[in-house]
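Welcome, and thanks for taking a look at this one with me. Here is a short briefing to read alongside the structure.

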Amino acid sequence: MISGMCYNTQDISFRKFIIYKIKALIIPYLCFGIVIIPMAYWLDGAYTIFGGIQVLIWYLVQRRFTTMWFLTTLFCTEVIFKAIHNYANKFRNSKIVVLCISLVVSSLFIIYEYVVNIELPWNFDLAMVCLLFYSMGYLLKDFENNYKKEYIKTGILMFALGMLLGSVSINISSRRLDIFYGELGMPMIGVLGALFACIGLVLVFSRFPHIYGLEKIGCHTMTIFALHQMVFKQLFLKILHFDGWMMILVACCITISICFFIDVFISNSSLKWIIGKH
């Protein structure tokens, strides 16, 4: 949803948009694979040539493999949304058209996830479900900018309603809503609850003041996102055998710090393109 709020409505060609997104998402995906694939191979424990090839295929085909599943999902989501947005611009009420098309496409793939539930390469099936959240973020941007003072209470109520619907969804289906696993709970109730909760959080936190420390970290999230899981599992669980909630908390803080400083170093070097910065 936040990615949708950051969507640039500047009128650029579809081709230029795809090239930009390849630089921002796919190049980092491939570059970090040089580090992540060997680490995943070591964690998998299948120390054979076949095991190495299998890990490589898992990464390239990308069906919910490591944290990097999100980059391919976001790439597919943004490309699909750009195509919808370009088409919708032909109409007077373009935002309504965007919402309607996104709702139809996402609904079809929600049914697909619930009935078929076969993982597609590059998480294309998840991208279609995420399209609804992305579109809502795009529509929410102007709404949040214009009405955030008046709708702070509405945000709290929407978040509470979203949590309620999520609980109902879990109780009915005994399945949580987890995009990574393609689990949507009781699909319509669960997804609607997630939408309400996300919109509520955006409206509420838009009233918070700027926090320098969090903003600084927020400018260097690519490396944290890409490596945190592998650093945590390899260093603190497999090698150092950290245990207990206090040790785990310390390990989390150290992991984020390591990844943050790596990202800062790369950002200030000629290699910044490998984390999507140009």
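This is a predicted model: local features need pLDDT of at least 70, side-chain atom pairs count only at pLDDT 80 or more; totals for chains, interfaces and linings use all residues.

**Around helix H4**
- The side chain of His 85 makes a polar contact with the side chain of Tyr 7, at 3.4 Å.
- Tyr 87 also belongs to helix H4, which covers residues 69-88.
- Tyr 87 and Thr 72 are 15 residues apart along the chain, and 23 Å separates their C-alpha atoms.

**The largest nonpolar core**
- The largest nonpolar core holds 64 residues, and Met 1, Phe 32 and Met 68 touch the most other members.
- Which elements give two or more residues to this core? They are helix H2 (14-44), helix H3 (49-61), H4, H5, H6, H8, helix H10 (221-239) and helix H11 (245-267).
- H6 gives the most to this core, with twelve residues.
- Apart from its neighbours within four places in sequence, Met 68 is in contact with Pro 28, Tyr 29, Phe 32, Ile 36, Tyr 59, Gln 62, Phe 225 and Ala 226.

- Helix H7 runs over residues 152-173, 22 residues in total, and reaches 32 Å from its first C-alpha to its last, close to the 32 Å expected at 1.5 Å a residue.
- Its buried residues are Gly 155, Met 158, Gly 162, Leu 165, Ser 169 and Ser 173.
- Why do these residues lie on the same side of H7? They cover an arc of only 90° around the axis, which puts them on the same side of the helix.
- On the face of H7 turned away from its buried side you will find the exposed residues Lys 153, Leu 157, Leu 164 and Asn 171.
- The cover over the buried residues of H7 includes strand S2 (183-184) and helix H8 (187-205).

**Positive phi angles**
- Most residues other than glycine have a negative phi, so a few places deserve a second look.
- Just after H7, Ser 174 takes a positive phi of about 60°.
- Trp 122, which is not a glycine, has a positive phi of about 60°; Trp 122 sits in the loop between helix H5 (94-115) and helix H6 (124-147).
- Asn 123 lies in the loop between H5 and H6, and its phi is positive too, near 55°.

**The chain as a whole**
- The chain has eleven helices and two strands, in the order α-α-α-α-α-α-α-β-β-α-α-α-α along the sequence.
- For 278 residues, a compact globule would have a radius of gyration near 19 Å, and the 20 Å of the chain agrees with this.
- The C-alpha trace spans about 55 × 45 × 45 Å along its principal axes.
- Of the 278 residues, 42% count as buried.
- Among contacts with a separation of 6 or more, 72% are between residues 24 or more positions apart.

How values were computed. Residues are numbered from 1 along each chain as its sequence is written. Side-chain values use heavy atoms; hydrogens and water are left out. Helices (H or I, at least four residues) and strands (E, at least two) are DSSP runs, numbered from the N terminus. The expected span of a helix is 1.5 Å times one less than its number of residues. Buried means under 20% relative accessible area, exposed over 50%, partly exposed in between (1.4 Å probe, protein chains only). The arc is that of the directions from the helix axis to the C-beta atoms. Contact means heavy atoms within 4.5 Å. A polar contact is a pair of N or O atoms within 3.5 Å; within protein, one must be able to donate a hydrogen and the other to accept it, and residues adjacent in sequence count only if both atoms are side-chain atoms. A nonpolar core is a set of buried Ala, Val, Leu, Ile, Met, Phe, Trp, Tyr and Cys residues joined through side-chain atoms within 4.5 Å. The radius of gyration is taken over C-alpha atoms; the globule rule is 2.2 Å times the number of residues to the power 0.38.
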